[in-house]
Number of protein chains: 6
Amino acid sequence: MSVVVQNIERADPEIVAGLAECGVATVHEAQGRKGLLASYMRPIYAGAQLGASAVTISAPPGDNWMVHVAIEQVKAGDVLVLAPTSPSEDGYFGDLLATSMQARGGKGLVIDAGVRDVRDLTKMGFPVWSKAVSAQGTVKETLGSVNVPVVCAGALVNPGDVIVADDDGVCVVRREEAAEVLAAARKRIAAEEDKRRRLAAGELGLDLYGMRDKLKAKGLKYV
Amino acid sequence: MSVVVQNIERADPEIVAGLAECGVATVHEAQGRKGLLASYMRPIYAGAQLGASAVTISAPPGDNWMVHVAIEQVKAGDVLVLAPTSPSEDGYFGDLLATSMQARGGKGLVIDAGVRDVRDLTKMGFPVWSKAVSAQGTVKETLGSVNVPVVCAGALVNPGDVIVADDDGVCVVRREEAAEVLAAARKRIAAEEDKRRRLAAGELGLDLYGMRDKLKAKGLKYV
Amino acid sequence: MSVVVQNIERADPEIVAGLAECGVATVHEAQGRKGLLASYMRPIYAGAQLGASAVTISAPPGDNWMVHVAIEQVKAGDVLVLAPTSPSEDGYFGDLLATSMQARGGKGLVIDAGVRDVRDLTKMGFPVWSKAVSAQGTVKETLGSVNVPVVCAGALVNPGDVIVADDDGVCVVRREEAAEVLAAARKRIAAEEDKRRRLAAGELGLDLYGMRDKLKAKGLKYV
Amino acid sequence: MSVVVQNIERADPEIVAGLAECGVATVHEAQGRKGLLASYMRPIYAGAQLGASAVTISAPPGDNWMVHVAIEQVKAGDVLVLAPTSPSEDGYFGDLLATSMQARGGKGLVIDAGVRDVRDLTKMGFPVWSKAVSAQGTVKETLGSVNVPVVCAGALVNPGDVIVADDDGVCVVRREEAAEVLAAARKRIAAEEDKRRRLAAGELGLDLYGMRDKLKAKGLKYV
Amino acid sequence: MSVVVQNIERADPEIVAGLAECGVATVHEAQGRKGLLASYMRPIYAGAQLGASAVTISAPPGDNWMVHVAIEQVKAGDVLVLAPTSPSEDGYFGDLLATSMQARGGKGLVIDAGVRDVRDLTKMGFPVWSKAVSAQGTVKETLGSVNVPVVCAGALVNPGDVIVADDDGVCVVRREEAAEVLAAARKRIAAEEDKRRRLAAGELGLDLYGMRDKLKAKGLKYV
Amino acid sequence: MSVVVQNIERADPEIVAGLAECGVATVHEAQGRKGLLASYMRPIYAGAQLGASAVTISAPPGDNWMVHVAIEQVKAGDVLVLAPTSPSEDGYFGDLLATSMQARGGKGLVIDAGVRDVRDLTKMGFPVWSKAVSAQGTVKETLGSVNVPVVCAGALVNPGDVIVADDDGVCVVRREEAAEVLAAARKRIAAEEDKRRRLAAGELGLDLYGMRDKLKAKGLKYV
């Protein structure tokens, strides 16, 4: 039951880059408010931004053997997405694995568990979104799987799905929907430009979005 | 039952500024160790400091409609204080709302829920203390109230109360007590100066505060 | 039952310094993956690094009297390690106590509770690893003990044990084992240098660590 | 600043009894979905039900001195409501205090902290809603206040307010609104009887509440 | 984007009943240790046992409108599985909805949020596994979807999948794999009978499972 | 580094039985308010009571191999005390292991992780205090140790120490201090009898404990 799926499809790199540029909040809205990982997934340093294709890992608690297996499957522009089979905060990943990832063009890690060597990872510019920072070591005893669908921090991630991550958290976009979501996200950004200008000039959202009548109809009282 | 209270009283701006300068820990002590919000309320960036008058929002979980309503009530020097009616981590507030706030002289946000666009908010110098960072979007369907008393992160906040916030957290000062608290806080700071100098010179707190006899009376043994 | 143990043994300062340099993750591995404090113990600022001898404090919840008592026992190169007798997030420690600590050569604080004045502590370069940041004040009413064994954030700490702390968390090394652990840690670092170079050159962990046969024997399938 | 308010007003005992009979969920709805304490407040045994007037306690963490002070203020039909001034799980209350409460006609305890001797309390039929069960002892060193407004588990409770509690949790009703809330709650219960009968007969909520048109208008698609 | 899928396939009722009889721990093991929901999902009363086909609900936080929509889709032998689109503890479900469920042959509820009226639900013998018990009411304002795949408490649940639940928690079995998992679970139970007898007779697991050699090979020392 | 200590000393069975009878709250007080495990350690059924000698287990996360090893070390009157080397909620223990324990005279389990088959364990009258109930299976791949000192739920437990557990939680008593603690506990119970009678007769704790003067001296005001 432990498998490594070797050939996965990925989204077009330009689309992935475009999504990264739009950012998590916009992408999440653009695809109908779905795909967000739990808010406890935090970046190890401020300012990190990522758009990448997911190489997924299902790993036992406290066992990082499959990370080594997964790195062989990584291509330039990929991110590892690790979900433990039961809750764990152990430090599955550190600077040596990051060195190996960077040597293969890997761009980051999203892990519903712990990470360590965060000072080194920060210096290397290797971004990680994790549930915990922990020096706790792991073993290499039990198999898991690579490139199977996983539930990571409450979101389903398929291998090859697009991961967008920044200071606001992590969002997954289905590979098949990536182009469409990018188009919607860009449209959203364009529309926001005008709104931002008007709000900056002092116009109220109540007027800009025409909310006053609806609020009144619902029964809001001003006293 | 959903109301917007339009005219609230605020504390004297000089007093508010004075309290901000004293900082949360000192103000909290000066008013008898009350008014502190729960410690899970953290700033989105280090070094943020705030003194402002509260415009309060009671909002349903996952619904930010009343934020738009509240911004119309904001005057220069105000901070929004949002308490959801049941626990939520959703991202009620982002850069567009912050733009609108800044256009009206609003100084920040204290929210017992989530915030998003934190990278942009940081660039804008718009400080937020929140329970979570989350890109999760909200709806605009259900009414709440503006400028009613709310319990935010375990502390009662009345509209017009003074909010002091910094890296240590968030503290609320009753509007009616603000002047008195400021006086006590300044006295405290003056007294600390002397203590700091003596401690820096190597004097022990045991001697500075005259604790040795009391410790002995309580039965402390040195072995 | 409340005691202050005045004469404790400490590890050799050079060994302590050596352990600090190796860092938490390496030291933790080198001593057989033991001694790590819970991952909720986080530094108040990024980049803090500490190697020091523990002066331990067992204190009641919300009462920092024994911190004053403990500081008298601090020698140059020591760190305070405080464990409350029941869970607390109160701010036991602030800038005045840090001033006193620095005047005596104290190097930092590890506290399974809260800390305050973090902005000032950061400016002073006084590192703290804590469970919480909280301005909540404490009283000085009930005795505790100084330099007795304590369980701090899930780890047993004896007075005089070596504390190593950095961005990855906090690890305790038994005083008696410190030299041996340092030797093992340095050996580990040396071995990692070669691995890092080979991984950076694109070699896979699967080959570097000779994992392929064992994975196959366990039944891993590539599809 | 530590006070005991000796004369508080209470609601009419018949109204209090009526509210208890309606139960927490109904009372909470009847007063416009406000006044509910946080869901972590759980009864120590299943089936407990309470309607009572609040004698409030603001107490330091890990210090139950004020519980003794408060019991003197208890009259028949009262419940103690304790809020610590900072988070605590200590066992402030056990079977001796419950014996004293029962001797004075006290009906129960609501505590945003811990309770102990739960086996004895269960045998005595003395209901408690608490954040934790913990044998951890407390001291009697620091003052607090009795019969001042407190925020308990996220809800503001004034002395004399009505507390309704059962397996669903704890709800507070303002003393001044108790009669009105009871009327609304009874109306609600009457209305539910008819609904229950129709639903039990197989009628759908979609039809009973006339939801189909509104769902269609919002855009719900059946596929 | 809000849809109700009306025709879903369900597993054979005899297979569902067989899985329920095997219990969560056995079924979870029999299908390769997958499909378990997070351990915070607890039954509202001890002794509840469930085997049923999932009618899934994706609902906004604090909004139970889609529960009404979902009940129309329930057939005899079904269980509702509700996942909020962002974390919520609100009480989406109470005795009226349970009455409606029972009228249609619905067997229970699994909800990654709150439930209320638990005393009545217990009396009705209507089992619920939930994240919280909370009287907090919900609104009926925003659409969600029914019978779409959802991630509930960390596990992917497709409409028509088999839900097995008891005092140990909740497990989901893919509809397509249900027969095969039942066969494996029954085999496991048969094998356990012999083991139980031998262990009860005093034989050690070390001998029964032949572990001594492997432990020795791994380096376990007896001292 | 993985060892099994085969010969451990245990306390006198009559003393152990005496401590169990006194209960957790009394024993904890009698030994100076130390030795209590964290309050998240809850019994799987109400009314369980335990006094037993600890056979300790240090086990990797998600790996129950050492439980089998430990059972061979169990003598009549022992309890297993398991501490994982990093946080885990997995179900290390179920009805087969309980059968084996009972066959050897083992009396229960205290585990800072998960347990499963709780319905069967309840029927068997096999008490467990745990952090979680979880059906999540474990592996048998990595060694740990048996009968070494462990930190379990925040308390240090040495092999042979006495474990007292009931509805209030779990307390550990040092083997060497067991007789003395029992004497103090019995004295405490005797003293409480008189207090209970007086409190039941309506006397106030304020008078019984002579608190009025001290409260006045501290400054308590009655208004």
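This is a predicted model: local features need pLDDT of at least 70, side-chain atom pairs count only at pLDDT 80 or more; totals for chains, interfaces and linings use all residues.
1. Some housekeeping. Residues are numbered from 1 along each chain as written, and chains are lettered from A in the order in which they are written. Local features need pLDDT of at least 70, side-chain atom pairs count only at pLDDT 80 or more, totals for interfaces use all residues, and side-chain values use heavy atoms, without hydrogens or water.

2. Start with the area. About 3,000 Å² is buried between chain E and chain F, with 57% of it on carbon and sulfur atoms; buried area is the accessible area (1.4 Å probe) that two parts lose on being put together, summed over both. On the chain E side, the residues losing the most area to chain F are Asp168(E), Tyr222(E) and Val223(E), together 18% of what that side buries.

3. As for contact (heavy atoms within 4.5 Å), chain E brings 33 residues and chain F brings 35.

4. Now the charges. The interface has five salt bridges, meaning a side-chain nitrogen of Lys or Arg within 4 Å of a carboxyl oxygen of Asp or Glu. Among them is Arg119(F) with Asp167(E), whose closest N and O atoms are 3.8 Å apart.

5. Have a look at the strands too (DSSP runs of E, at least two residues, numbered from the N terminus). S12(E) runs parallel to S1(F), residues 3–4, and two bridges join them; DSSP has to find at least two bridges for strands to pair. Lys221(E) has Val3(F) as its bridge partner in S1(F).

Notes: Helices (H or I, at least four residues) and strands (E, at least two) are DSSP runs, numbered from the N terminus.
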